[in-house]
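The following exercises concern one protein structure.

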Amino acid sequence: MKHADRIRNFGTEKYVLPARRQKEKRFSIRVGDVVRELKLNGLAPAVCSALKTNAFLESNDLKLVNVTGPQSGQSTTVVYTYEFRSEERRVGKECRSRRS
């Protein structure tokens, strides 16, 4: 398995699914936590890249709403904050149906 696939799978299992089960609207992933837990020392740029790909976002029905960290965007201190798109769509449908 390539690093990117491993990182995306880990992100889904460790962060996305628990947040969805707990019905959270928003959650964050700190790159350094992923680097440490997967023992990917020196590969922060790969983690950063994998966690913001369309593949990760679309497969988990996510929207990337905030990125904090250094300007390079390639550090263990980068934090990605996501929201679930399904919640966004559900709310939008409710608003449209109320107007009808």
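D5 is partly exposed, with a relative accessible area of 28%; partly exposed denotes the range between buried (under 20% relative accessible area) and exposed (over 50%), with a 1.4 Å probe and protein chains only. The model is predicted: local features need pLDDT of at least 70, side-chain atom pairs count only at pLDDT 80 or more, and totals for chains, interfaces and linings use all residues. Residues are numbered from 1 along each chain as its sequence is written, and side-chain values use heavy atoms, with hydrogens and water left out.

**Exercise 1. Describe the salt bridge of D5 and R8.**

Step 1. The side chains of D5 and R8 form a salt bridge of 2.8 Å, N to O. A salt bridge is a side-chain nitrogen of Lys or Arg within 4 Å of a carboxyl oxygen of Asp or Glu. Side chains of opposite charge can pair when their charged atoms come close.

Step 2. Both residues belong to helix α1 (residues 3-21), where they lie 3 residues apart, about one turn of the helix. Helices (H or I, at least four residues) and strands (E, at least two) are DSSP runs, numbered from the N terminus.

Step 3. R8 counts as buried because its relative accessibility is 18%.

**Exercise 2. Determine which parts of the chain the salt bridge of E83 and R26 links.**

Step 1. The side chains of E83 and R26 meet at 2.5 Å, N to O. This pair links distant parts of the chain, with E83 in strand β3 and R26 in strand β1 (residues 26-30), 57 residues apart.

Step 2. E83 is partly exposed at 22% relative accessibility, and R26 is partly exposed at 47%.

**Exercise 3. Explain how α2 and α3 pack.**

Step 1. The two helices pack at an angle of about 115°, with their axes 9 Å apart. Axes are lines fitted to C-alpha atoms, for helices over the stretch in contact, and angles run from 0 to 180 degrees between N-to-C directions.

Step 2. V31, V34 and V35 in α2 meet A44, V47, C48 and L51 in α3; contact means heavy atoms within 4.5 Å. By class, this contact has 7 nonpolar, no polar and no charged residues. Ala, Val, Leu, Ile, Met, Phe, Trp, Tyr, Cys and Pro count as nonpolar, Asp, Glu, Lys and Arg as charged, and the others, Gly among them, as polar.

Step 3. In α3 (residues 44-51), the residues A44, V47, C48, A50 and L51 are buried. Their cover includes α1, β1, α2, α4 (54-59) and β3.

**Exercise 4. Summarise the fold.**

Step 1. The protein has 5 helices and 3 strands, in the pattern α-β-α-α-α-β-β-α along the sequence.

Step 2. Of the 100 residues in the protein, 33% are buried.
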